[in-house]
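Subject: Structure handover, aromatic contacts

Hello,

Please find the structure below.

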Amino acid sequence: MPISSPPLRSWAEIDMQALRQNLAYARSLNPSCSLMGVVKANAYGHGIKRIAKAFSEEKVEFLGVANCGEARRIAETGIKTEIYVLGPTFPDERPEIVKNNWRASISNIQEANHFNELAQAAENKLAVHLTLDTGMGRGGFLPEDAAAGAAHIESLSHLTLEGAGSHLPSADEDRDFTLRQMKQFEDIISHLPTLKYVHLSNSAGITDYHAGSCNLMRPGLILYGASPLPEYQDKLSAVMSLMSRVSLIRTLPAGHGISYGRQTILKKDTRVATIGIGYGDGYPRSLSNQGAEVYIRGRRFPVLGRVTMDQIMVDISDDDSISTGDSVELFGKNILVTEVAEKAGTIAWEIFTGITPRVTRVET
Ligand SMILES: *Cc1c(COP(=O)(O)O)cnc(C)c1O
């Protein structure tokens with residue numbers, strides 16, 4: 001039985017039309033560029049199978065995943081779009097990667113050699129990409145080792161060097177560094193043999209730098225409708241709306257405490273709505289007493305006191321039209337996920353991936 005069966009207290013609406021619009025926007029920023037739709041972490045919590053299927057229908061060149069389990073879930077759907085495993089691989093993941101012809105991003109000589117042995121044993125020729133560390137510090141060949149790394153891969157009988165990529169650590173935070181990094185990346189690439197795919201840009205890199213001189217972009221967040229840089233937000237549409245319902249409405253007297261720790265004491269008689277969502281659904285507890293708001297019947301209302309595991313309380317004194325059962329948006333089209341993230345002291349990526357399995361995803 002699914003963790004959450006109807007009737008649902010909380011759910012996430014997934015707007016597939018918005019997803020396609022965001023994809024079209026990303027492409028419009030560099031129309032000659034190929035695109036990898038990044039679908040790691042259950043497509044940023046949106047449901048990897050449905051998102052992969054939509055991107056495949058829209059003919060993206062690659063689907064980017066973090067591990068074999070995610071790749072397998074895509075493969076199970078019968079989708080034929082090439083799958084790219086972001087980041088270094090563990091030795092025990094590699095046989096499955098070779099067997100399925102998933103793209104691996106190679107970070108060192110040992111990884112290349114192991115893939116070559118496995119491909120040889122499987123009588124397969126495996127296309128791989130060279131990963132370069134131009135500042136992220138997470139994986140890949142350092143710039144001075146790039147040419148030797150590429151030459152080594154090309155010398156191996158059962159690998160084909162299909163592309164090279166790197167990653168931007170600060171495209172939304174440090175313009176000078178990012179421009180220097182892009183220049184350095186171009187310089188390294190110009191000394192490598194001609195490759196089918198050259199890629200560097202995540203969402204921030206695509207919106208602010210139009211993916212530079214690369215011919216493959218790797219957006220994640222913007223496809224789901226959230227921009228790392230606020231100035232591009234109005235070009236995007238929220239794909240996920242986190243929703244819940246009003247379970248109870250009461251008027252509580254002045255002096256009454258609200259939620260654990262009683263950090264909120266009502267100053268006046270207050271109409272309080274209880275909502276059926278909490279941190280057990282991924283609505284962060286760190287939003288407690290940070291000015292978080294929810295959206296009910298076309299208006300915003302403030303959250304009162306601490307977020308609990310399954311419920312939150314909201315001050316609805318200003319509106320007597322609200323009734324139990326009313327839908328509540330926690331974030332989505334009216335309250336941006338980036339606003340919620342900021343108040344929770346985190347980033348939109350973490351909010352999306354923190355929505356728990358108790359929240360049923362419903363396509364709209
Ligand atoms: C997650 C990831 C992306 C996508 O990043 P966004 O900021 O969500 O666009 C791109 N490239 C790599 C290597 C990643 O790990």
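This is a predicted model: local features need pLDDT of at least 70, side-chain atom pairs count only at pLDDT 80 or more; totals for chains, interfaces and linings use all residues.

Residues are numbered from 1 along each chain as its sequence is written, and side-chain values use heavy atoms, with hydrogens and water left out.

The structure has 4 aromatic pairs (rings of Phe, Tyr and Trp, the last by its six-membered ring, with centres within 6.5 Å; planes under 30 degrees apart are stacked, over 60 edge-to-face, the rest tilted). One of them joins Phe62 and Tyr84, edge-to-face, at 6.1 Å centre to centre and 75° between the planes. Because Phe62 is in strand β3 (residues 62-65) and Tyr84 in strand β4 (residues 82-85), this pair ties together parts 22 residues apart in sequence. Strands (E, at least two residues) and helices (H or I, at least four) are DSSP runs numbered from the N terminus.

Both Phe62 and Tyr84 are buried, meaning under 20% relative accessible area with a 1.4 Å probe, protein chains only. Ring pairs also link Phe62, Tyr84 and Tyr197 into a cluster.

Another edge-to-face pair is Phe331 with Phe352, at 6.1 Å centre to centre and 70° between the planes. Phe331 belongs to strand β17 (residues 327-331) and Phe352 to helix α11 (residues 348-353), 21 residues apart. Phe331 is buried at 1% relative accessible area, and Phe352 is buried at 2%.

Finally, the charged end of Arg94 sits over the ring of Phe115, 5.7 Å from its centre (NZ of Lys or CZ of Arg within 6 Å of the ring centre and within 35 degrees of the ring normal).

Regards

Key:
Buried means under 20% relative accessible area, exposed over 50%, partly exposed in between (1.4 Å probe, protein chains only).
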